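Subject: Structure for you to look over

Hello,

The structure is below, followed by notes on what was found in it. Please read the notes with the model open.

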Amino acid sequence: MALFVFLIKGWYKDATFSPVSYIVGTVLFLLLSFQCVLIVGSLKILDTTDVYEQEISNIVNSTYDATDEITMGQADDIIQVFIERFPLLQYYIGGGEFSGYTAKELPHAMADTLRSFMRWYIFRRILWCLGFVIVGAICVIRSMSKQYKGIRSRPAISTERRRVSRRPRR
């Protein structure tokens, strides 16, 4: 937010923020804060995916043999047990289509899918932040007082031109 204000004040030197500008800034701060909390949560999940893979492996090994092929229904049951152990993940994952894997391959496949989903989720959150900043900047610039002079709208320095006579003075 400080960078946001610094850039706007840098571009429009003589601008003064109106009350609407402060309201837009407050709403923008709340939206960016929410997105940043989601990003930090996603990064934490991404960092602990190896732990989750081990936990999924424990769930699968306690229920199935290593050579058993897991059906989609069984995979959903495993995901539900996993989410019961880690309830925070229910906000990020709701299920998956894991069929054709053996019990030995399933934990790695689920962990890879979780990593891929978290990276995509983080990228979307960053795009939302960028969109909020662009819309906020446009709203703040339009709401500023009209007495400003932007960098590009400064008047050019003018010099007086005098006509020089070539005739000698008398």
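The expected span of a helix is 1.5 Å times one less than its number of residues; helices (H or I, at least four residues) and strands (E, at least two) are DSSP runs, numbered from the N terminus. This is a predicted model, in which local features need pLDDT of at least 70 and side-chain atom pairs count only at pLDDT 80 or more, while totals for chains, interfaces and linings use all residues. Residues are numbered from 1 along each chain as its sequence is written, and side-chain values use heavy atoms, with hydrogens and water left out.

The protein has 5 helices and 2 strands, in the order α-α-α-β-α-β-α. Of its 170 residues, 33% are buried (under 20% relative accessible area, 1.4 Å probe, protein chains only).

Helix 2 covers residues 19–47, and its 29 residues should span 42 Å at 1.5 Å a residue; the end C-alpha atoms are 42 Å apart, so the two values agree. Its buried residues include Val-24, Leu-28, Leu-32, Gln-35 and Ile-45. The buried residues of helix 2 pack against helix 1 (2–11), helix 3 (49–63) and helix 5 (106–143), a contact being heavy atoms within 4.5 Å. Among contacts between residues at least 6 apart in sequence, 80% join residues at least 24 apart.

Regards

Definitions and conventions
Buried means under 20% relative accessible area, exposed over 50%, partly exposed in between (1.4 Å probe, protein chains only).
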